Amino acid sequence: MTQTDPAFEHLLAELYRLYAHEPALAAFAALPAALMPQPITPVRIPPAALMESDPDLTTTAYAAIRDAFIAAGAVAQWRLTYQGSRLGADFMDRFGCYCLIGEGGPFASDSLAAYVVYMPAGLYYPFHQHPAEEIYFILAGEAEFLMEGHPPRRLGPGDHVFHPSGRAHATRTHDRPFMALVLWRGDLETAPVLTYPEGEI
């Protein structure tokens, strides 16, 4: 039997509470009633410390799950999705993501992956795409979301955006950071691929 760190157990309980109050999440994908614990190897990267100490991750209704994501970040397996890509050290040292449910996370599911994404102020996450359908649910701070065929949207706590399968999208922070719960459904195995729309360097 795999022993799950109490920080993850607390975070999962907060996720169930969030689901109970946010219909957009349940409409996107059901949260499995039972999840299989799985072993992980903690990996810490510079964005973990940035997220822990960021004073501008402001929120009211979502403070409990924000704090739970920050606490669990100390024992999480932070992802290095774009290591070796053309994205440089500045991006890799500031963009943070770790998994709660799915590959690299403490819990497994065949139907759903759940992550936290953190970006400090003044960072651009370039256009990328993946086969999985995705929802970003903003927990704290603010960010601008861009998607092919749609005008940019600036979102804050309680807002959400849906990314269809294969649709290129990007995220930019301005003078504030943000934290979001990100859910995937469909193809949970294929990693994101960077795309470069005409005119983007």
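These legends describe close-up views of a predicted model.

**View 1. Residues of the largest nonpolar core.** This core holds 38 residues. Tyr-98, Ile-101 and Leu-181 touch the most other members. Several elements give two or more residues to the core: helices H1, H2, H3 (46–53) and H4 (63–72), and strands E2 (96–101), E4 (113–119), E6 (133–141) and E11 (178–185). H1 gives the most, with six residues.

**View 2. The surroundings of Ile-101.** Residues up to four places away in sequence are not counted here.

**View 3. A second, separate core.** This core has 26 residues. Its members include Leu-87, Met-92, Ile-138 and Ala-143.

**View 4. Helix H4 and its cover.** The buried residues of H4 are Ile-65, Arg-66, Ala-68, Phe-69, Ile-70 and Ala-72. Helices H1 and H3 are among the elements that cover them. Strands E2, E4, E6 and E11 are also part of this cover. H4 itself gives two or more residues to the core of 38 residues.

**View 5. Glu-22, a buried charge between two helices.** Glu-22 lies in the loop between helix H1 (6–21) and helix H2 (23–28). What does Glu-22 contact, leaving aside neighbours within four places in sequence? Its contacts are Tyr-62 and Phe-137. Glu-22 is buried, yet it has no salt bridge. The nearest side chain of opposite charge belongs to Arg-153, 12 Å away.

**View 6. A cluster of aromatic rings.** The whole structure has 13 aromatic pairs. Ring pairs link Tyr-82, Phe-91, Phe-95 and Tyr-125 into a cluster. How are the rings of Tyr-82 and Phe-91 arranged? Their centres are 6.3 Å apart and their planes are at 70 degrees, so this pair is edge-to-face. Both Tyr-82 and Phe-91 are buried. Phe-91 also pairs with Phe-95, and that pair is stacked. Here the centres are 4.9 Å apart, with 15 degrees between the planes. Phe-95 is buried, as is Phe-91.

**View 7. Two arginines over aromatic rings.** The charged end of Arg-172 sits over the ring of Tyr-124, 4.3 Å from the ring centre. The charged end of Arg-185 sits over the ring of Phe-28, at 4.4 Å from its centre.

Methods:
Residues numbered from 1 in each chain as written. Predicted model: local features only at pLDDT ≥ 70, side-chain atom pairs only at ≥ 80, totals over all residues. Heavy atoms only, no water. Helix = DSSP H or I, 4+ residues; strand = E, 2+ residues; numbered from the N terminus. Buried < 20%, exposed > 50% of the residue type's maximum accessible area, 1.4 Å probe, protein only. Lys, Arg positive; Asp, Glu negative; His and termini not counted. Salt bridge = Lys/Arg side-chain N within 4 Å of Asp/Glu carboxyl O. Contact = heavy atoms within 4.5 Å. Core = buried A, V, L, I, M, F, W, Y, C linked by side-chain atoms within 4.5 Å. Phe/Tyr/Trp six-rings, centres within 6.5 Å; stacked < 30°, edge-to-face > 60°. Lys NZ or Arg CZ within 6 Å of the ring centre and 35° of its normal.
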